[in-house]
Amino acid sequence: MADQPFPPDFSQFTCPAPLRDRPQIVLGHGGGGALSQDLIEHVFLPAFGNPVLDRLGDSSVLDLAPHLAGGGRLAFSTDSYVVRPLVFPGGSIGDLAVHGTVNDLAMSGARPLYLSAGFILEEGLPIADLVGIVARMAAAARAAGVAIVTGDTKVVERGHGDGVYINTAGIGVVPPGIDLGPKQVVPGDAILVSGTLGDHGMAIMSVREGLEFEAAITSDTAPLHGLVAAMLEACPAIRLLRDPTRGGVATSLNEIAALADVGIEIDEAAIPVSPLVASACEILGLDPLQVANEGKLLAVVPAAAAGDVLAAMQAHEHGRAATPLGRVVAHHPGRVALRTTLGGSRVIPLPLGEQLPRIC
Amino acid sequence: MKHLAEYRDADTARRLAAEIGRIVTRPWAIMEVCGGQTHSIIRNGIDQLLPPEVELIHGPGCPVCVTPLETIDRALAIARRPGTILCSFGDMLRVPGSREDLFAVKAAGGDVRVVYSPLDAVKLARSQPDREVVFLAIGFETTAPANAMAAKLAAQEGLTNFSLLVSHVLVPPAIQAIMRSPGNRVNAFLAAGHVCSVMGTWQYPPVAAEFRVPIVVTGFEPLDLLEGIRRTVAQLEASRHEVENAYPRVVDERGNEAAQRVIAEVFTPVDRAWRGIGVIPESGWRLADAYAAYDAERKFDLGGITAEESPLCKSGEVLKGTLKPNQCPAFGRECTPRTPLGATMVSSEGACAAYYNAGRR
């Protein structure tokens with residue numbers, strides 16, 4: 001979504017309907033009455049419309065039998081999105097709400113099919129802003145090939161929300177024969193990463209904190225199920241996939257080490273970080289391994305298949321900068337160790353919580 | 001980043017480490033003064049490259065770590081005041097006071113904000129004239145110029161809703177206090193490069209002469225640190241005790257004189273308590289009387305706040321170099337980054353947190 005202008009230009013926007021002449025969200029938009037219907041008719045349906053949603057039932061009825069034929073299994077996931085600012089270089093809360101849940105499904109090897117969308121709007125939100133976010137969300141869903149089939153809107157009083165919160169839940173289908181999980185991980189496996197680390201977190205932080213770098217850092221938000229499908233085609237025996245979102249790669253690797261009860265070793269020199277993100281992290285005293293990503297994945301693969309999987313990743317638009325990061329080892333189970341460029345080593349701890357810029 | 005990569009070259013690092021191994025003949029304890037150096041040493045595994053004779057002792061150079069509990073409690077009291085915004089660098093938010101930290105005050109409704117420069121706090125005060133904005137001004141000489149500028153700017157603009165809670169500390173008196181402390185093991189110092197970029201190196205020759213201790217001004221990248229250590233060991237082996245500048249791309253003898261002038265105008269020396277160490281004479285700065293209107297301690301009645309340290313915490317001995325973090329009985333047990341008893345476990349620059357996070361249990 002990097003081609004979209006930032007900040008978005010709403011100057012040419014004209015409201016598609018009178019919306020009872022209100023330019024802003026009011027409490028009544030969440031009341032279930034005529035104002036709610038206005039939003040559905042003029043904002044949500046035009047953007048998300050599809051045969052299932054258009055029926056406007058209390059629930060959507062999905063025919064999954066064809067997808068599950070031959071032994072496919074259902075994958076189901078939910079996530080809530082509370083990002084501030086709502087629009088940032090490279091994306092918006094709408095993109096995240098689609099990509100985040102699509103990627104959670106993809107990490108099980110699933111092909112995502114359907115999403116729900118729950119909106120919690122803050123009284124006073126300009127409807128033009130909502131339309132912009134919904135448009136980006138719809139574009140992201142279309143590009144990812146998923147349908148938004150059910151939804152809900154609530155409005156909270158001014159001061160009780162950051163403009164828009166979105167919850168999405170998603171359903172996908174894991175093809176027969178694919179079984180990803182920590183119990184498959186064994187010492188000797190290779191760890192691959194699909195591209196540069198820390199782009200999303202630093203994009204958000206630089207906008208949120210008003211930090212000005214030479215060029216804008218752009219969020220990497222992207223749907224990864226296409227990449228995953230290509231990887232599984234190259235090697236159906238991939239052990240485990242993770243998307244290192246909040247808490248970054250440091251968190252994901254620690255989770256893998258703990259769940260699989262193995263040690264993990266990564267090489268400092270192999271960590272892919274763009275020069276801009278590296279500089280920004282250096283200035284703020286942050287570790288790119290702890291910064292969030294929204295369009296990257298970590299893969300644990302059998303060592304013998306690492307070359308094939310890497311080639312498949314590099315051939316895909318969301319894996320061009322894929323690179324080996326490290327390996328699974330038998331010693332120090334539960335721990336992640338980093339070999340420093342200088343030949344020393346240190347443990348990568350599970351990050352505590354919020355990243356705090358160092359003082360000097 | 002290209003200007004950093006050249007100071008991180010692995011081959012040169014190994015050559016420097018080998019050179020140190022070649023010249024060293026007996027055990028030496030070298031203290032790196034600055035927390036930023038500690039962070040880099042642990043992060044890059046530099047101590048693992050050194051010969052066993054060279055021991056690095058992690059000094060009291062993390063401003064977060066040495067800020068007294070009273071100051072934290074005073075900041076917490078300010079943050080709890082209605083109509084007040086407390087601004088701080090990020091590290092300070094998680095530093096525990098006697099009962100809670102700034103995160104807890106924030107969660108309870110206090111307005112606590114992370115800023116990246118004290119000038120951002122001035123900007124905030126300008127834009128919110130009906131709120132009191134207080135900046136928690138801690139740090140060594142490095143952060144003093146910007147903090148002094150914030151006070152100066154607020155005075156120039158006549159802002160009445162901005163003040164600083166100042167707890168500045170200074171490196172040379174700390175070096176003197178360490179050399180005078182009973183049981184001192186430190187044979188030489190790596191002086192903090194960024195402090196010297198502001199203050200120059202002219203303060204150090206009298207200290208080196210008085211205590212017959214080598215002081216090498218050192219940077220923060222792996223090659224900077226190894227070169228600083230190499231020069232220190234060379235001096236020790238030759239029984240020299242001089243001030244050397246191993247960070248000339250940033251530091252010169254005179255320092256940043258414009259910054260020193262602003263500091264001299266805005267701040268005045270004061271006896272300062274260092275957390276875990278105690279009061280060191282003339283070891284800090286407070287706002288000068290001309291800037292009393294911008295002194296949060298005078299503006300808000302905070303005098304009654306006193307605090308007791310945890311009896312389990314041995315951070316004072318860690319800061320003086322007489323105890324390694326993982327030799328403390330509470331290390332990794334009662335005291336972890338999640339439940340820090342002392343500030344050395346809080347900041348990523350603190351020696352205890354650096355050990356814990358690098359898995360040195």
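At 0% relative accessibility, B:Phe135 counts as buried in this predicted model, since the cut-off for a buried residue is under 20% relative accessible area. B:Phe89 is buried too, with a relative accessible area of 9%. A pair of aromatic rings is described by the distance of the centres and the angle of the planes. Over all chains, the count comes to 8 aromatic pairs.

Another edge-to-face pair is made by B:Phe140 and B:Trp274, at 5.8 Å centre to centre and with 65° between the planes. B:Phe140 is in the loop between β5 and α8 (144-157) of chain B and B:Trp274 is in strand β10 (residues 267-274) of chain B, so the pair ties together parts that are 134 residues apart in sequence. Both of these rings can be checked for burial as well. B:Phe140 has a relative accessible area of 5% and is buried, and B:Trp274 is buried with a value of 2%. In chain A, ring pairs join A:Phe44, A:Phe48 and A:Phe119 into a cluster. A ring can also face a charged side chain: B:Arg249 lies over the face of B:Tyr7, at 3.4 Å from the ring centre.

Strands of chain B come next. In a regular strand the side chains alternate between the two faces of the sheet. Strand β8 (residues 215-218) of chain B is covered on both faces, with B:Ile215 and B:Val217 buried on one side and B:Val216 and B:Thr218 buried on the other. Which strands pair with β8(B)? Strand β7 (residues 188-192) of chain B pairs with β8(B) in the parallel sense, over 4 bridges. Strand β9 (residues 243-245) of chain B also runs parallel to β8(B), and 3 bridges join the two. B:Val216 gives a view of both pairings: B:Leu190 stands opposite B:Val216, and in β9(B) the bridge partner of B:Val216 is B:Glu244.

The loop between α12 (222-237) and β9 of chain B holds B:Ala238. With a relative accessible area of 44%, B:Ala238 is partly exposed. Along the chain, B:Ala238 and B:Ala18 are 220 residues apart, and 18 Å separates their C-alpha atoms.

Turning to chain A, the chain is divided into domain 1 (21-174) and domain 2 (182-347). Their C-alpha centres lie 28 Å apart. The contact between them takes 19 residues from domain 1 of chain A and 20 residues from domain 2 of chain A.

One open sheet of chain A has 4 strands in the order β1-β6-β4-β5, with mixed pairing. Why is one side of β1 and of β5 of chain A left without a neighbour in the sheet? β1 (73-81) and β5 (147-156) stand at the edges, each with a single partner strand, so one side of each has no neighbour in the sheet. From one strand to the next, the twist averages 15°. β1(A) pairs with strand β6 (residues 164-174) of chain A in the antiparallel sense over 9 bridges, and the bridge partner of A:Tyr81 in β6(A) is A:Ile166.

Another open sheet of chain A has 7 strands, in the order β8-β10-β7-β11-β9-β12-β13, and its pairing is mixed. Here β8 (240-242) and β13 (345-347) of chain A are at the edges with a single partner strand each, so each has one side left without a neighbour in the sheet. On average, neighbouring strands of this sheet are turned by 25° against each other, direction ignored. Within the sheet, strand β7 (residues 190-193) of chain A runs antiparallel to strand β10 (residues 298-301) of chain A, and 4 bridges join them. A:Ala190 stands opposite A:Val301 in β10(A). Helix α8 (residues 248-260) of chain A packs on this sheet, where it touches β7, β8, β9 (263-267), β10, β11 (323-329) and β12 (336-339) of chain A. The direction of helix α8 of chain A makes about 150° with that of β8(A).

How values were computed
Residues numbered from 1 in each chain as written. Chains lettered and ligands numbered in written order. Predicted model: local features only at pLDDT ≥ 70, side-chain atom pairs only at ≥ 80, totals over all residues. Heavy atoms only, no water. Pairing = 2+ DSSP bridges. Axes fitted to C-alpha atoms, helices over the stretch in contact; angles between N-to-C directions. Phe/Tyr/Trp six-rings, centres within 6.5 Å; stacked < 30°, edge-to-face > 60°. Buried < 20%, exposed > 50% of the residue type's maximum accessible area, 1.4 Å probe, protein only. Lys NZ or Arg CZ within 6 Å of the ring centre and 35° of its normal. Domains from an automatic or database assignment. Contact = heavy atoms within 4.5 Å.
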